[in-house]
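Subject: Structure handover, ring and charge contacts

Hello,

Please find the structure below. My notes on its side-chain contacts follow.

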Amino acid sequence: PNEAPPTVIDSFSAAYWPKTSEGYISPLLHGRIFLTKDKFYFVGWSDKKIVLDWPDVTGVSKEKNLMGTIDNSLKLTAVVDDKETSYFFGSFAAREGAFLLMDRLSTVARTISELQGKKAQKKTSSPSRSLTTPVPPDATMKKMDKLMTKKLKNISIEKFYEVVWSEGCKTDAAPLYGPWLIEMGSEKVKVSEWNFGEHTNSWCSEKYDQVRTIDFEFKRTTHLYIGPPIAQVRQTQYCRTEGNDKCVLHMTLGFEGIPYSDCFEVEIRWVARRDGENDITVDVGCFVKFVKSTMFASKIRGGTVSETKPVHEQLFAKVREACAGARGAAGDDVGDGEEEE
């Protein structure tokens, strides 16, 4: 018997934009998007067709149109033939509905796929084979200004979390982040205990296993702003580990006592990924989120990124030192932490 056609959950009029590089403009290909529980379909009025399996879609994000003037487009990032590829769609009449549905379908599919993969991994007799599978780059990191990429050798994701982010909570590791803030000259440092459970970060909409808050004051070094020399900071840190493949620490920073501090928040993201069997790659990114419009947006963004990069380079130096101490008893070397291209 003939196989029944898939049930379409919803469809949206849209246009595909074959954007291959920044600044490249190509004709829009109009058509329609069809969404089922298993797949994404784009059917152009010409012969163009795009079909993606939801488990392969690693991210759905809102974008501006090809001229960068109208915020009505979506970007889908997917792994196709072991290579990450981006697809851009615009001219939506109802972008918000399309975004919410695509994001939900892809997230559910990836979660189910990951659970099935974990079950299959338990049954396999050669677990070392999974360690040779590359861990893909973090999709959220692509939205941010990359501050650095470093490598640490001979350390697992589990050990990295324990040494760097656990702060001794449910582990035997010595606290790292609070003492480092004090070492850097921060004052009135208060680090809460980790609160374990399901938590969602409002900016990236991702779920995390634990959350904590950190309050401190620091001396400002930039001359871009007027105002007092001392800034009050509250960080909300979200953390999760994904087996021995990945550890994500996401910070949302708010400021007080600085002119225009009510206009923006800062998102900082540390992603440690397994690199081969024994090493990890650490990516650090920054995103300035404006909650109010301001004519100083470009200066605020530029000043924030320029201030943030050296701070997190110093934090990485502390991280590398702590990892080296944790592994030293076994005689292992954590490497030079060299920057990757």
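Is F89 buried or exposed? F89 is buried, at a relative accessible area of 1%, where buried means under 20%, exposed over 50% and partly exposed in between (1.4 Å probe, protein chains only).

Some ground rules. This is a predicted model, in which local features need pLDDT of at least 70 and side-chain atom pairs count only at pLDDT 80 or more, while totals for chains, interfaces and linings use all residues. Residues are numbered from 1 along each chain as its sequence is written, and side-chain values use heavy atoms, with hydrogens and water left out.

Aromatic pairs

The whole structure holds 12 aromatic pairs. Rings of Phe, Tyr and Trp (its six-membered ring) pair if their centres lie within 6.5 Å; planes under 30 degrees apart count as stacked, over 60 as edge-to-face and the rest as tilted. F40 and F89 are a tilted pair, because their planes are at 55°, with the centres 5.4 Å apart. F40 is in strand β3 (residues 39-44) and F89 in strand β7 (residues 83-90), 49 residues apart; helices (H or I, at least four residues) and strands (E, at least two) are DSSP runs numbered from the N terminus. F40 is buried too, with a relative accessible area of 0%. Both rings belong to a cluster that ring pairs form from Y16, F40, F42, W54 and F89.

W203 and F287 also make a tilted pair, at 4.9 Å centre to centre and 35° between the planes. W203 is in the loop between β10 (195-200) and β11 (207-219), and F287 is in strand β15 (residues 279-290), so this contact ties together parts 84 residues apart in sequence. W203 counts as buried at 19%, F287 as partly exposed at 26%.

Charges over rings

A charge sits over a ring if NZ of Lys or CZ of Arg is within 6 Å of the ring centre and within 35 degrees of the ring normal. K170 lies over the face of F196 at 4.0 Å from the ring centre, and the charged end of R240 is over Y208, 4.8 Å from its centre.

Salt bridges

There are 23 salt bridges in the whole structure (a side-chain nitrogen of Lys or Arg within 4 Å of a carboxyl oxygen of Asp or Glu). K289 and E267 form one at 3.5 Å, N to O, and both residues are buried.

Regards
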